[in-house]
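Keep the sequence and the structure at hand.

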Amino acid sequence: MAFDGITVANITAELNKTLLGGRIYKIAQPESDELLLTIKNNGSQYRLLLSADASLPLVYLTETNKPSPMTAPGFCMLLRKHLQNARIVGITQPGLERIIHLELEHLNELGDVCRKKLIVEIMGKHSNIIFCDDRDKIIDSIKHISGMVSSVREVLPGRDYFIPRTQNKWNPLRFCAQYNNMSTEYIADNPAVCSPDQLTGEASKMTTASAFTTQDENFGSLSYVNFREHMQEKPMAIYKALYSTYTGLSPIIAQEICYRAGVDGDMPANVLEENALHTLYDTLTDIMSQILDGTFAPSIIYNGREPIEFAALPLTLYADKTVKSFDSISTVLAQYFAERSILTRIRQKSVDLRKIVQTALERNVKKYDLQMKQMKDTEKRDKYKVYGELINTYGYNIEPDARSMEALNYYTGETVTIPLDNTLTPQENAQKYFDKYGKLKRTYEALSELTVQVKEEIEHLESILTALDIAQQEEDLVQIKEELIESGYIRRKGGTKKAKVTSRPFHYISSDGFHMYVGKNNYQNDELTFKFATGNDWWFHAKQKAGSHVIVKTEGQELPDRTFEEAARLAAYYSKGREQNKVEIDYIQKKHVKKPAGAKPGFVVYYTNYSMAIDSDISGIEQIGS
């Protein structure tokens with residue numbers, strides 16, 4: 001999910017609960033575009049990470065300390081000079097912008113109380129951390145933006161700080177009466193911030209959003225009539241119209257609004273009927289009210305074990321996914337991006353291996369398709385044999401220069417027409433058909449063996465691709481690479497030894513207390529099935545699909561139905577069919593599973609088995625270790 005205004009609102013609420021009134025104890029700048037503030041408050045110590053990284057800007061509380069450079073950068077030194085031991089007296093978010101204001105109170109050199117602002121802007125590549133005085137004059141920033149870089153706003157020492165309005169979006173909080181009451185009080189307490197002489201262009205006409213978000217309140221509240229006008233002006237998908245019209249909404253939260261309202265988010269917004277518009281408006285207003293009330297529900301949405309979204313509000317459109325709730329949005333952000341980082345790093349490291357496997361797979365698939373086409377051509381072989389026999393039997397009736405003959409096929413009782421070469425004798429025509437039969441027969445016999453080999457190679461490569469998909473650690477890739485080396489797809493570098501294996505199978509425990517093991521690759525599959533499992537243990541595998549072997553240790557006991565189902569879900573999840581609603585799973589006692597001589601790693605045969613169709617949701621199954 002995008003780091004949108006709603007997420008920032010949740011973070012702001014959380015920081016107010018934990019940091020408001022606290023004092024800044026340490027200031028560090030571990031990265032060129034990142035600050036780490038250590039804050040003491042109410043007898044506890046907190047670390048606040050502020051990142052203006054262009055690719056991943058973030059603000060959240062963290063327990064992790066990061067090493068800092070030996071010599072602190074200039075911006076860090078400036079903050080230490082002014083803000084060391086400063087007290088946090090305000091933490092606010094203007095409107096629903098992706099901006100957080102930290103208002104700080106400190107003593108100057110003369111011992112007088114002064115106020116400063118540390119402003120964090122979470123705006124993708126335009127993210128920044130800006131240090132201002134109490135009159136919104138920029139003292140310095142972590143990134144300097146000159147007029148040559150941006151024609152909209154310069155971020156340089158001595159310049160006035162303001163929030164540029166480049167998209168003419170409306171503040172959706174203005175649909176809520178309580179926000180407008182709060183805004184009126186804010187304007188009364190802060191007349192300088194909202195003085196008319198700061199307004200320029202369209203903002204001065206009070207017809208569009210102001211140049212400063214805090215000045216939005218000058219234009220009064222928004223109503224259903226405004227909402228209808230906004231939507232009717234947008235000949236685009238409803239969810240796109242929402243996030244392109246209102247500040248702070250990401251595409252996913254716009255889709256959530258449509259889902260809750262029961263409207264198709266892909267419909268054009270300007271064709272919505274009145275009832276649907278009312279429902280959409282009510283849903284948007286309800287969500288804005290939740291934000292103002294601080295009714296957040298931080299969560300991470302998982303597809304199996306993979307985190308796919310995070311949210312500060314419930315995402316009901318993911319009802320079919322696993323949702324893990326948290327008390328803290330900071331915990332959500334830290335865990336989500338840590339887990340995504342691991343997956344991204346593994347996928348990056350597996351790119352070369354995946355390319356090798358994919359290339360070999362495509363080559364073998366093309367070869368197999370060609371062989372199957374040739375195999376289809378050999379189906380004519382028996383017909384040519386019959387033609388030869390019929391010509392030998394009835395050839396004495398063939399007239400000179402005849403281009404065909406009709407004869408009774410004594411195998412089927414039907415009359416057939418046989419093409420002839422009028423330049424050849426009947427005996428030569430018969431021999432020609434016998435030669436065709438012989439050639440196609442030899443081709444069929446050769447292809448019967450070759451297609452089996454190529455099919456097995458395709459299945460082997462698909463199993464390696466599946467192993468790459470489920471790899472979670474760098475150690476998992478080592479064994480896969482070793483398999484590719486031994487299969488001849490990668491050359492072993494001269495003098496290098498076989499890699500030491502540290503990767504271990506996944507280990508789960510069923511709800512009934514039975515231990516279940518899942519192979520991460522073909523070598524582990526073989527080891528689990530033929531070295532680790534005993535005869536009465538149960539073996540599970542996705543039917544006719546690349547996937548992991550799952551072993552359930554019975555310890556001489558009868559397995560409950562629930563354990564069978566959980567083991568089958570593991571086999572479905574760790575297979576090529578994990579994205580399907582249902583996957584057919586074969587299961588059988590290990591003693592009935594055999595490995596043919598010379599078979600590729602992970603390949604087994606079995607002849608009597610049970611089957612079940614089941615989903616691949618393993619969210620409720622306890623995993624032990626990695």
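**Charges and burial**

Glu482 is buried, at 5% relative accessible area; buried means under 20%, exposed over 50% and partly exposed in between (1.4 Å probe, protein chains only). This is a predicted model, where local features need pLDDT of at least 70, side-chain atom pairs count only at pLDDT 80 or more, and totals for chains, interfaces and linings use all residues. Residues are numbered from 1 along each chain as its sequence is written, and side-chain values use heavy atoms, without hydrogens and water.

Q: Which side chain meets Glu482 in a salt bridge?
A: A salt bridge puts a side-chain nitrogen of Lys or Arg within 4 Å of a carboxyl oxygen of Asp or Glu. Here the N to O distance is 2.5 Å. The partner sits in the loop between H12 and strand S15 (506-509), 10 residues apart from Glu482. It is Arg492.

Q: How many residues apart in sequence are the parts that Asp469 and Arg354 tie together?
A: Their side chains form a salt bridge at 2.9 Å, N to O. Asp469 lies in helix H11 (residues 426-470) and Arg354 in helix H9 (residues 351-377), so the linked parts are separated in sequence by 115 residues. Helices are DSSP runs (H or I, at least four residues) and strands likewise (E, at least two), numbered from the N terminus.

Q: Is His82 buried or exposed?
A: His82 belongs to helix H2 (residues 74-83). Its relative accessibility is 18%, so His82 counts as buried.
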